[in-house]
Amino acid sequence: MSTRTLALRLVPGLQVARGRAVGFLEGHPELDAGSAFDEFEKGDERAMRANMEHWVAGNNQPTTKFHGFPNDLDHKHCFVFKHHEHRLYGFLCHPRPKADPRFQLCALCIYAAKHRLSTDDHELRRVEEWMTIEGAVGAIRGLYPEYRGEGAKWKM
Amino acid sequence: MENVSHWTARSVDDFAYRIASDFVAQIETKLENEGIDRVEFAKAIGVTPGRVSQVLNTPTLFNLRSMVGYAQGAGLKVAIVAYEDNDPKNELGPINAQVFTSCWQKAGRPKDLFELSKTVTRLVYEIEPQSFYRGVNVPSPKPEFKGTEELSIPIDLLESTTVAQQLLSKGSHIATGQDYAE
């Protein structure tokens, strides 16, 4: 699959914060978080926006609205925003390692409608894969030129 | 980068949803931290668990009375805060409710403006440390904080580097949030 046309689209109209941002990784049929968000009904769309903004403001709770998977070593970079059955899965990264190493971006990748209690491991695996694909790294670099991929060391 | 107005500038309903959602997030965070499930919470506020889920999932169902009731059930109180942030057209969106709560907590939870006046320096320092210490050599290690007297300084003077320098040259220590860490 070609990943040369991937792009990162920051969620339009969302609050611009110093410490965090949320965007959609797009440009491949599997990367459907952005298109699903665009097609949400009004109530779901603003609920998801409110949840994103609560995280962007610096909050790490409640887990009913969003959460990471810090205790899951295989998916420790994954993150999910939730509203009713809607799930937007993505990964967290630090796209400004030199200028602002604490700055976090949540790059949303995959949409899923969840009707079960447990998180679908399949989505998380896919997200982890997308995180390391060079095209995705390049897409993030399009907006954040310092980004070299999660775990990459910045060379002075 | 594309310049788009904040989404809550679309309508009053959007703005109302956002701030109601902030309120729900504060309630849910408290319940999570206290380990209270929705059944227990519903019992505490005298409604069914289904109603709790319905309201928390649909913040626009709240009215002022139910907000107070839900907050009390979670061991919280509610304030309605109007503020001016130099954004009259709401191009930047609302300030997150937790910002106000955290500021109040960091100010020592003052009960009134008299108590607040004694703690105002650390707010100034924490919000804009660069402007406060601009051009001033902060002693290292910082002197031990000795009391509250040196905090009783009008806020406009605190922003003056000259005053800060004078205080430091006399051996005074300008309090920071660290001094009050709980």
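Two residues are taken to be in contact if their C-beta atoms, placed from the backbone, lie within 7 Å. By this criterion, in the predicted model, 20 residues of chain B touch 18 residues of chain A. Two elements of chain B, α1 (12–34) and α5 (97–106), each supply two or more residues to the side that touches chain A. Of the elements, α1(B) contributes the most, with nine residues. Sorted by class, this side of chain B comprises six nonpolar, eight polar and six charged residues.

Chain A itself was examined next. Its secondary structure consists of four helices and six strands. Read from the N terminus, the elements follow the order β-β-α-α-β-β-β-β-α-α.

Along the principal axes, the C-alpha atoms fill a box of roughly 45 × 35 × 30 Å.

Of its 156 residues, 39% count as buried, where a buried residue has 20 or more other C-beta atoms within 10 Å of its own. Among contacts between residues at least 6 apart in sequence, 56% join residues that are at least 24 apart.

Terms used:
Residues are numbered from 1 along each chain as its sequence is written. Chains are lettered from A and ligands numbered from 1 in the order in which they are written. This is a predicted model: local features need pLDDT of at least 70, side-chain atom pairs count only at pLDDT 80 or more; totals for chains, interfaces and linings use all residues. Ala, Val, Leu, Ile, Met, Phe, Trp, Tyr, Cys and Pro count as nonpolar, Asp, Glu, Lys and Arg as charged, and the others, Gly among them, as polar. A residue is buried if 20 or more other C-beta atoms lie within 10 Å of its own, exposed if 12 or fewer, and partly exposed in between; C-beta atoms are placed from the backbone.
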